[in-house]
Protein chains: 2
Amino acid sequence: MTAFFTSNATETTQPLPPSDSRERVSQWLQSFQDKVCEGLEAADGQATFKQDSWTREEGGGGRSRVMREGRVFEQGGVNFSEVWGKDLPPSILVQRPEAKGHSFYATGTSMVLHPRNPYIPTVHLNYRYFEAGPVWWFGGGIDLTPYYPFEEDVIHFHQTLKDACDRHNPEYYPTFKLWCDEYFYLKHRKETRGVGGIFFDYQDTKGDLYPIAYPGSQSDTLAAQRSQEVGTIENRTWEDLFAFVQSCGDAFLPAYVPIVERRQNTEYSDRQRQFQLYRRGRYVEFNLVYDRGTIFGLQTNGRTESILMSLPPMVRWEYGYEPEPGSPEARLYEIFLKPQDWINWSKNGAH
Amino acid sequence: MTAFFTSNATETTQPLPPSDSRERVSQWLQSFQDKVCEGLEAADGQATFKQDSWTREEGGGGRSRVMREGRVFEQGGVNFSEVWGKDLPPSILVQRPEAKGHSFYATGTSMVLHPRNPYIPTVHLNYRYFEAGPVWWFGGGIDLTPYYPFEEDVIHFHQTLKDACDRHNPEYYPTFKLWCDEYFYLKHRKETRGVGGIFFDYQDTKGDLYPIAYPGSQSDTLAAQRSQEVGTIENRTWEDLFAFVQSCGDAFLPAYVPIVERRQNTEYSDRQRQFQLYRRGRYVEFNLVYDRGTIFGLQTNGRTESILMSLPPMVRWEYGYEPEPGSPEARLYEIFLKPQDWINWSKNGAH
């Protein structure tokens, strides 16, 4: 691995990370992967994760873990990767031009779970860390995709994330919640992917909460507006941000497992199963059409099987489907596939 | 609809099309849609196409036809559309800069069929015509995606297309066959989508067979090399090109229906069905990650349900699948998912 900080130090306007930054983040991401897999195996109670370790020709590697045909989880993947190389892609350099000409280091843990029971939501998580020349940043998030509408599940999920965020900065949750709604949006369907959660990227000690130059970002989004109102958050350190990401990670099992436990024994019939398979199609559409991580990975010789572990094991498309008026399926579309203020949901009265 | 050829005529270096060009192409594409639907209904013998007519706010509309749960076809869509508007997208203007600032007209018929029996291949077809300011062109093609390897089917398909092409120009088939192999390629899988067929775009009276500036094109592809060897084909008229596209269209039923008839009664088990569902995932990956028409349509407020009619009704993904050595599935990967000279297949000896 090459040294990352030998270049002209006057370029940087933020403090360098600790000298052991990469090892610390990578270690934590791996122990996080372990902890999550243990928690999910316990929740499933039957299937276990199988691991594939892999290396990347250009530098680095990872460990992909898949659970299949479990009691709860029809399929679940939890990946850790740590890669390095010569150049970041142009889409990232737009946001961090200081990284140009520098080698990069990137590490992350990502996860998608596709439960069997249609009353249990799908969940996605991804936390990552980059270093390139004078710049470094944290990114990631978590979002929930229910098939059937249960307010209490969604409120619990959002409240758990908010509590984790609030321990670090009260501005995090409100801004990253908006960003999540805006990122996980299927323009061609005019639908959110699910009920969101939190999403952030390019978090460092000098940046605003929502960097306007973020690839694909727009200055007129709600997340951008809120970030501008908040202004630059002063005195954040590398340690603060790392601790924040750790809190987000630690919030995963408490945010999701109680929902699994509450819904796992609810009986369902072919109607719910067919709707779940149909809605999984939206997951595929989002990941292949919009998700920058997926598209970037596929186009740059990433490990295809690990990248596409996020796709559901079984999916259905149906031309011209529309939910029956007044049905639970219709309620999902009308309320849960639009951005909502879930934290104040009860206060504002049920819809 | 606005007039298309009122601009400075000195810009154009090719003859204008006939004054009734749009009506003639559109009429033919609609009668072609009718004929294809009749032929497919006859082949299915049970299900019929249901039509949705739609209009587009920015100008134009179409008629989408879907067959579902047929005896032969699990799902099939045949779309006709005719649209116009202010500006062509930048990706097309790269290739035809003369069209910049001009309103455009585009019409086409496209089709994807997903048979139920895994021994019958999926087929895709699309023929289209554009006018914009001083320029116009024809494009399209057809390609076959088998799930199981039958040389005789593939040879018949390619020979029928070659015969149709050869009636117009002996250079068409060899060049457009290479272009098809290169276009329907999944880089992240290192696989062709299927056994190809023919594909072409930007065909007019002045262009080369394979325009180097074609969005996504590369000058070092086999299709580009062959086109350069052939050079510009002189004396092609609008009538010649329209007649060529008509011949390609007319070749569809004779190219495909005999394969359906030959394979429709072959018994299959869950193994073949599961492999078919798995391979259909590649169709989804291609259409959502690479297909310019699909991506452009989704990102520009096209009619989503019509665009995504190409997606299979049921699909499966499986982490880390590899075909069993020596199996028919392995033979598909080894021979049929790589470009092959199918016309000279028998001459060159079976693999």
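**Entry 1. Salt bridges, overall**

I counted salt bridges over all chains and got 57. The model is a predicted one, and I read every value below as computed from it. Side chains of opposite charge can pair when their charged atoms come close. I then picked out single pairs.

**Entry 2. A pair within chain A**

I looked up A:Glu74 and found a salt bridge to A:Arg280, with the closest N and O atoms 2.9 Å apart. The two partners are 206 residues apart, so I noted their elements: A:Glu74 sits in strand E3 (residues 73-85) and A:Arg280 in helix H8 (residues 270-290), both of chain A.

Are these two partners buried or exposed? I checked each against the cut-off of under 20% relative accessible area for buried. A:Glu74 has 6% relative accessibility and counts as buried. A:Arg280 is buried as well, at 1%.

**Entry 3. Pairs between chains**

I next looked for a bridge from one chain to another. B:Glu305 forms one with A:Arg189, and their closest N and O atoms are 2.8 Å apart. B:Glu305 lies in helix H10 (residues 304-307) of chain B, while A:Arg189 lies in the loop between strand E7 (185-186) and strand E8 (191-192) of chain A, so this pair joins two chains. I also read the accessibility of A:Arg189: 13%, which counts as buried.

A second bridge of this kind turned up between A:Glu318 and B:Arg68, at 3.5 Å from N to O. I placed A:Glu318 in the loop between strand E10 (314-316) and helix H11 (328-336) of chain A, and B:Arg68 in strand E2 (residues 60-68) of chain B; the pair crosses between chains. B:Arg68 has 38% relative accessibility and counts as partly exposed.

I also noted a network: salt bridges that share partners join A:Glu152, A:Asp153, A:Arg262 and A:Arg263.

**Entry 4. Relation of the two chains**

What rotation superposes chain A on chain B? I found 180°, with 0.0 Å of shift along the axis and an RMSD of 0.0 Å. That is the relation of a two-fold axis. I looked for the C-alpha of chain A nearest the axis, and it belongs to A:Val315, 2.5 Å away. Both copies use the same surface: 100% of the contact residues of chain A recur in chain B.

**Entry 5. A:Asn126**

Last, I looked up A:Asn126. I found this residue in strand E5 (residues 122-132) of chain A. A:Asn126 counts as buried, because its relative accessibility is 18%. Leaving out residues up to four places away in sequence, I listed what A:Asn126 touches: A:Thr109, A:Ser110, A:Gly139, A:Gly140 and A:Gly141.

Terms used: Residues are numbered from 1 along each chain as its sequence is written. Chains are lettered from A and ligands numbered from 1 in the order in which they are written. This is a predicted model: local features need pLDDT of at least 70, side-chain atom pairs count only at pLDDT 80 or more; totals for chains, interfaces and linings use all residues. Side-chain values use heavy atoms; hydrogens and water are left out. Helices (H or I, at least four residues) and strands (E, at least two) are DSSP runs, numbered from the N terminus. Buried means under 20% relative accessible area, exposed over 50%, partly exposed in between (1.4 Å probe, protein chains only). Contact means heavy atoms within 4.5 Å. A salt bridge is a side-chain nitrogen of Lys or Arg within 4 Å of a carboxyl oxygen of Asp or Glu. Copies are superposed by least squares on the C-alpha atoms of residues with pLDDT of at least 70 in both.
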